[in-house]
Amino acid sequence: PPGSCFTRSRVGGAPGPLSSPAAPLEGPQDTTLLFESRFESGNLQKAVKVGPFEYVLTLRPDLYTTKHTQWFYFRVQNTRRDPLYRFTIANLAKPKSLYGEGMRPLLYSQRDAQSRGIGWRRVGADVRYYQGGSGEEPAAFRLSWTARFPHDGDTCFFAHSYPYTYSDLQRYLRALAGDPVRSRYCAVRALCRSLAGNTVYLLTITSPTAAAAKRAVVLSARAHPGESGGSWAMRGFLDFLLSAHADARLLRRLFVFKVVPMLNPDGVVVGNSRCSLAGRDPNRAYGTALRGSFPGVWHLRATVERVLAEREVVLYCDFHRHSRKNNVFMYGCDGGGAGAGPRLRQRVFPLMLSKNAPEKFSFPSCKFKVQKSKAGTGRVVMWRMGVSNSYTMEVAFGGSTLGGRSSHFTVEDLKSLGYHLCDTLLDFCDPHPAKVGQQPRREPRHPGWSRGRGDAGAVPQFQQCLSEVDVLLRQRLGRELGSGSSWSDVSPSELES
């Protein structure tokens, strides 16, 4: 609210020009780079010139904390085309990173964007990720790379991941609200206000007919603000679901979608990696009753409780990114002790998604054990509230190593995940052959699926995958279940060991 200590954490909340740069240029011959990050989602704290073309950079920790340095996004000006520059970020927090496995930083050149239509690109040679000097508290890790700029006198940006700001989301939602077609089946409302007074948006998407009988799907993204790829996957999901495609129309007829595209707008605005302005990870706060400290997750949970009182929630999925493992995978919920049915069914949706996106999604990387440290996550809390198919979708900051690939994910790759999720939802909720006459139908498009959806004698896709999961888990255990035992006798730890 106006006058609060968080006002500067709002878009436009700190009006007026920026103060002068810390290192004014001495003249045209001065080749010093000018650094800036006092813009939305920027988080560079300090840049020290240690050589003619070498800089050591320090990231600002998440506000009101002393840690969580992973995301970076900053501007450089006064570039020179010929020199080879070296940049070293000196205070990263995680002991392992995909930068140690071939991942490279992102660069954006304003001149290339304006004259050639080239946006963000991967750059950097001699990329190294290593522990910093001894005696640092807490232990810090360093990312170092060399790069050349494409032009003299250019304005460039470096980033950890393709940025997607709160302002980007607001522009997208304004376009939705102003579209006479899409706005008929997409209602944009305020779920709540954040600590800084930013609106946390809730989208309700469905066709206007016969809503009472529909099941619900709940999706969210950007609990962790540094995981901007979650917004690109969400963007792809919304683009497809709100399109005129026959499958999109079918999804809107079958389901009511509740979507929170940016749970932590304050963190996104100020350039945090993980936390909200409460100085805590909001994806560990779903189990608390602290409405005043975590308004986004509190109101999302309350919304799901209201929806569950009216209808079944067939799927909950929270979009995240992963800094240490490549490919796309999911975390689900297997509390152990359940019969064979629930334990196997929780694995079906990820298996189907792996069939629909075989070059990106790794089913063997999925985990289903509910760890005590994850008890406050959206995935676990929604599952305990009664959403049996409750997932966190993890997308690597790096890329795919599947199908012979070894490449970074592009924005189009990230957006395609939203489409694949829609596609898999239709496969997952494919009507039983006996009911197929009562439901709209579509033809299967995937080579691994049974022939002819709903044909007499055809195996429904859900049942096909259920059987496959059973076989995969038996292979993973390396033994047959005894005649007197069942899946309920096998612990989640044993399944994932």
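Helices (H or I, at least four residues) and strands (E, at least two) are DSSP runs, numbered from the N terminus. The model described here is predicted, so local features need pLDDT of at least 70 and side-chain atom pairs count only at pLDDT 80 or more, while totals for chains, interfaces and linings use all residues. Residues are numbered from 1 along each chain as its sequence is written, and side-chain values use heavy atoms, with hydrogens and water left out.

## The chain as a whole

The secondary structure of the protein chain comes to 12 helices and 20 strands. Of its 497 residues, 56% count as buried. Buried means under 20% relative accessible area, exposed means over 50%, and partly exposed lies in between (1.4 Å probe, protein chains only). A contact is defined by heavy atoms within 4.5 Å. Among the contacts in the protein chain with a separation of 6 or more, 72% are between residues 24 or more positions apart.

## Two glutamates in strands

Glu36 lies in strand E1, which covers residues 34-36. Its relative accessible area is 10%, so Glu36 is buried. The side chains of Glu36 and Arg38 are joined by a polar contact of 2.8 Å. A polar contact is a pair of N or O atoms within 3.5 Å; within protein, one must be able to donate a hydrogen and the other to accept it, and residues adjacent in sequence count only if both atoms are side-chain atoms.

Glu394 is found in strand E18 (residues 390-396). UniProt, in an unreviewed entry, lists Glu394 for "active site". UniProt positions are given in the numbering used here, feature names are shortened, and annotations may be inferred rather than shown by experiment. Glu394 counts as buried because its relative accessibility is 8%. Leaving aside neighbours within four places in sequence, Glu394 is in contact with His320, Arg321, His322, Asn327, Val328, Phe329 and Tyr331.

## Two residues in helices

His420 belongs to helix H10 (residues 411-428). With a relative accessible area of 10%, His420 is buried. Its side chain reaches the backbone oxygen of Asn356 at 3.4 Å. Asn356 is also one of the residues that His420 touches when those up to four places away in sequence are not counted; the others are Leu353, Ala357, Glu359 and Lys360.

Pro265 is in helix H5. The relative accessible area of Pro265 is 1%, so this residue is buried. Not counting residues up to four places away in sequence, Pro265 touches Tyr166, Ser194, Asn198, Thr199 and Val200. Pro265 and Gly197 are 68 residues apart along the chain, and their C-alpha atoms are separated by 9.6 Å.

## Two loop residues with positive phi

His68 has a positive phi of about 65° although it is not a glycine. His68 lies in the loop between strand E3 (54-59) and strand E4 (73-77). A relative accessible area of 22% makes His68 partly exposed.

Asn78, also not a glycine, has a positive phi of about 65°. The loop that holds Asn78 runs between E4 and strand E5 (85-92). Asn78 is buried, because its relative accessible area is 16%.

## Cavities

On a 1 Å grid over the protein atoms alone, a cavity is a set of points where a 1.4 Å probe fits but cannot get out, and lining residues have an atom within 4 Å of a point. Grid points are joined across faces, edges and corners, and a volume is the space filled by probe spheres set on the points. By this rule there are 5 cavities of 30 Å³ or more.

The largest share, 3 residues, comes from H6.

The second largest cavity is lined by 14 residues, and Gln70, Ser97, Tyr129, His160 and Ser323 lie nearest its centre.

Definitions and conventions: On a 1 Å grid over the protein atoms alone, a cavity is a set of points where a 1.4 Å probe fits but cannot get out, and a pocket is an open set with protein on both sides within 12 Å along at least five of seven lines; lining residues have an atom within 4 Å of a point.
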